Amino acid sequence: MDLDPSAEQRELQEMITRFSLDRFPTDIVRAAAEPGRFDRAAWRELAELGTFGIAVDEEAGGVGLRWIDAVLVHESLGAALTPGPLVAAALAAGLVDGVLDGSVVPAIVERPTHGPAFVEHLTSADVLLVIDQDGVSSIDPATVNTRALPTPTDPATPVSIIEELPSGDRLADADTARRWRLLGSLLASAQLVGIAEGSTTLAVAYANEREQFGRPIGSFQGLKHLLADCYARTEVARSALWAAGVLVDEPEAGDLMRAVAGTRVLAARAATENAKTGLQVHGGMGFTWEVDAHLFLKRAWVLETAFGSVDEAAEAVAASLEPGSISS
Amino acid sequence: MHLSDSDADAQFRAELRTWLAEAVPTLPSPPDPRDWPGRRAYDTLWQRMLFDAGYAGVNWPAEYGGRGATPTQHLIFLEEAATAKAPDVGVGFVGQMHAGPTLIAEGTPEQQAHHLRGILTGDHVWCQGFSEPGAGSDLASLRTRAIRDGDHYVVSGQKIWTSHAMVADYCELLVRTDTDAPKHKGISWLIMPMDLPGIEVRPLMTVQGSAEFAELFLDEVRIPVTNRVGEENDGWRVTNVTLSFERGTGFVGELLDTTNIMGELVELARRTPRGPGTAWDDDGLRRDIGAVAAELDALWAFTKRNVSQGAKGGMAMGSGSAFKMSYAAVVHRLGDIALRVLDRSSLAFDDIGEDRTGAQLHHKLKGFAVGIGGGTSQIQQNIIAERVLGLPRER
Ligand SMILES: Cc1cc2nc3c(=O)[nH]c(=O)nc-3n(C[C@H](O)[C@H](O)[C@H](O)COP(=O)(O)OP(=O)(O)OC[C@H]3O[C@@H](n4cnc5c(N)ncnc54)[C@H](O)[C@@H]3O)c2cc1C
């Protein structure tokens with residue numbers, strides 16, 4: 001048993017963080033959803049680092065590491081607010097040619113049971129992959145009637161609406177679809193944990209620097225305790241995340257489904273609560289567009305709906321407690 | 001990073017599991033929680049069985065009588081023991097988790113020779129005399145006075161909330177040996193045999209209705225100077241050695257116990273009629289329990305993280321604090337759900353019929369013990385804010 005990242009794993013995370021902050025600084029991030037802003041060159045550079053193929057075999061052109069490594073990478077991407085389609089690329093890299101090297105940009109959506117489909121990053125996508133109960137199918141975005149939203153919630157995540165989602169070409173079976181849903185939830189949770197940490201770091205820096213009543217606001221216990229809670233929520237969620245990440249590679253060592261569902265509950269809570277705290281700690285500046293605090297909150301809102309809701313996840317954990325469930 | 005057992009760990013687990021399956025059923029039925037001599041006898045009987053089987057002090061170094069196992073194997077031991085519903089450390093807590101490790105780190109060879117074996121066999125029960133009526137969170141302001149008289153300290157003062165004091169043989173006692181020095185620099189750490197003249201133990205009733213702890217009144221108790229651990233006035237540092245043992249794996253048994261209580265609550269909810277069905281049919285309730293289960297799983301993973309870090313050289317600063325405050329919070333959340341399920345039967349503090357309803361309420365109250373004892377949740381928040389996040393001190 002070893003649930004502490006190795007020195008190499010930490011270096012991998014630092015490398016991703018450095019690249020992201022350098023190539024996708026927040027002035028780029030905050031406008032990333034505007035039409036024409038998707039930066040293909042930067043995306044290819046991100047791909048060249050191996051970002052999308054961490055867990056893809058070396059023979060297939062990937063890095064040949066494990067899913068826990070991909071989880072760690074997505075944590076760093078989340079903390080840096082790197083714009084997507086990150087989860088879609090990590091899922092599609094092993095299946096769709098060109099995704100691995102960044103030449104083909106994918107978008108993924110779960111086929112909605114009713115109403116229109118809200119698709120992230122469709123405006124920059126070369127291929128749309130649709131997950132449903134029967135499998136994964138691919139659609140050429142040019143052939144579909146889509147409407148790009150003028151004002152997506154997260155200024156870094158462009159969103160399009162598709163009223164009628166065609167059936168497309170079947171690409172993979174139901175097992176792959178199930179696996180994608182599981183891994184998609186996990187990687188989104190990894191980014192949520194990164195967001196939980198990133199928003200706390202930003203708020204702590206401000207609390208150290210901003211003075212009121214003749215001293216730094218971070219010396220007030222009211223803020224200290226809010227920020228300590230942020231730290232604790234991050235570490236608890238991160239613990240769940242790492243255990244779930246390892247279980248993808250070692251499914252015999254525990255209950256993977258439950259671990260992924262439980263991680264979603266805690267990661268979403270940590271990200272949204274911490275981002276809310278982060279905004280509050282910034283006071284009036286926190287309510288301005290110019291301060292990054294809202295970017296963490298809005299990305300958290302987007303990710304917490306990805307590949308299943310928090311309620312569904314809590315329900316799945318509860319179901320695993322019933323006698324006779326596969327889990328218990 | 002991995003979660004599966006190595007071959008050596010798998011073998012350790014298998015042997016332990018076999019032994020536990022044979023040993024646990026031979027125990028007598030547990031005593032009434034209010035029967036202190038009975039509890040001491042029961043807990044120390046189990047400790048003796050562990051000792052004879054080579055499972056006492058699993059994580060203690062072999063040269064001090066322990067098994068010298070890895071931190072991972074210590075965790076496996078705690079996990080398997082709890083799963084087999086073996087008794088927890090009980091009255092052995094202070095000896096095994098605080099006093100013993102402190103003596104290993106700071107004691108003289110004579111002190112080690114005199115005390116360590118007795119802690120491992122269960123013959124010596126210890127208590128912790130740190131807190132005082134005026135010194136809880138601000139422990140360093142303690143006032144129990146020790147005045148040097150030849151080769152003895154003459155000790156007078158009062159301690160409070162001293163767990164298991166009524167059945168203890170020894171007390172790890174913090175005293176003030178220099179009243180002029182700054183508060184952290186005038187404290188010494190003494191081994192106090194509990195049968196010395198001048199010690200009065202008054203049991204103190206807890207909110208759970210049993211006397212888990214006591215007040216200690218010390219009136220000119222003569223303690224040999226050779227019972228001092230560490231240098232005179234260096235007791236605060238020695239204490240922090242002790243406190244660092246308090247976090248880490250200290251809550252594993254509790255965590256698994258809480259998991260069991262949660263399992264019982266699920267069963268209770270599935271049997272409890274509510275509306276046209278049962279309490280378990282309530283989506284809100286089920287999801288709240290799901291969230292609690294997720295958190296308990298996460299805290300178990302957090303423990304593994306801490307143990308993994310510990311094995312590589314030390315837990316990250318703040319991990320123990322984050323764990324403890326989160327654990328206290330989740331015990332409270334679980335207890336709140338229990339009250340929703342119990343509804344009117346929560347008017348009874350005892351178990352009703354077959355249902356362990358009282359156990360749910362007792363466990364809810366335990367959330368306070370976790371959030372207060374050993375440094376309150378607010379103190380943990382201060383530690384995180386100042387020492388991990390680097391926020392400025394208030395003064
Ligand atoms: C079940 C149990 C077992 C115990 N066993 C032992 C034992 O065996 N031996 C022993 O020596 N002691 C023991 N204790 C005592 C325990 O360590 C103290 O109760 C604890 O440290 C808190 O001190 P206090 O009770 O004086 O509370 P106080 O320090 O008076 O605190 C009261 C309130 O003020 C808050 N507060 C205090 N200071 C601050 C601050 N700086 N910032 C923010 N909030 C603050 C606290 O969080 C708390 O809510 C036990 C306690 C319990 C509940």
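Select His164(B). His164(B) sits in the loop between strand S3 (152–163) and strand S4 (170–176) of chain B. Strands here are DSSP runs of E, at least two residues, and helices are runs of H or I, at least four, both numbered from the N terminus. The phi of His164(B) is near 65 degrees, a positive value in a residue other than glycine. Most residues other than glycine have a negative phi, and most peptide bonds are trans.

Before moving on, note that this is a predicted model: local features need pLDDT of at least 70, side-chain atom pairs count only at pLDDT 80 or more, and totals for chains, interfaces and linings use all residues. Residues are numbered from 1 along each chain as its sequence is written, chains are lettered from A and ligands numbered from 1 in the order in which they are written, and side-chain values use heavy atoms, with hydrogens and water left out.

S2(B) and S3(B) pair in the antiparallel sense over 5 bridges; two strands count as paired if DSSP finds at least two bridges between them. Pick Arg145(B): its bridge partner in S3(B) is Ser156(B).

**A cis peptide in chain A**

Go to Gly84(A) and Pro85(A). The peptide bond from Gly84(A) to Pro85(A) is cis, with omega near 10 degrees. Pro85(A) lies in the loop between H4 and helix H5 (86–92) of chain A.

**The four-stranded sheet**

Colour the strands S1, S3, S4 and S7 of chain A. These 4 strands form an open sheet in the order S1-S3-S4-S7, with mixed pairing. At the edges are strand S1 (106–110) and strand S7 (169–172) of chain A, each pairing on one side only. The twist averages 35 degrees from one strand to the next. Angles run from 0 to 180 degrees between N-to-C directions, and axes are lines fitted to C-alpha atoms, for helices over the stretch in contact.

Now show helix H6 (residues 174–209) of chain A. H6(A) packs on the sheet and touches S1, strand S3 (127–132), S4 and S7 of chain A. Contact means heavy atoms within 4.5 Å. The direction of H6(A) makes about 100 degrees with that of S3(A).

Zoom in on strand S4 (residues 135–139) of chain A. 3 bridges join S4(A) to S7(A), and the two run antiparallel. Which residue in S7(A) is the bridge partner of Ser138(A)? Asp169(A) is that partner.

**The three-stranded sheet**

Switch to S2, S6 and S5 of chain A. These 3 strands form an open sheet in the order S2-S6-S5, and the pairing is antiparallel. Strand S2 (117–120) and strand S5 (146–148) of chain A are the edges. The twist averages 30 degrees from one strand to the next. S2(A) is joined to strand S6 (residues 159–162) of chain A by 4 bridges. Select Val119(A) to find Ser160(A) of S6(A) opposite.

**The interface of chains A and B**

Show both chains. The contact takes 49 residues from chain A and 52 residues from chain B. Chain A and chain B bury about 4500 Å² between them, 60% of it on carbon and sulfur atoms. Buried area is the accessible area (1.4 Å probe) that two parts lose on being put together, summed over both. Pick Met1(A), Lys224(A) and Tyr231(A): they supply 18% of the area that chain A buries against chain B, more than any other three residues.

How many salt bridges are there between chain A and chain B? The count is 10, taking a side-chain nitrogen of Lys or Arg within 4 Å of a carboxyl oxygen of Asp or Glu. Find Arg305(B) and Glu235(A): their side chains meet in a salt bridge (2.7 Å, N to O).

**Last stop**

Over all chains, the structure holds 51 salt bridges. Asp39(A) forms one with Arg23(A), the closest N and O atoms being 3.8 Å apart.
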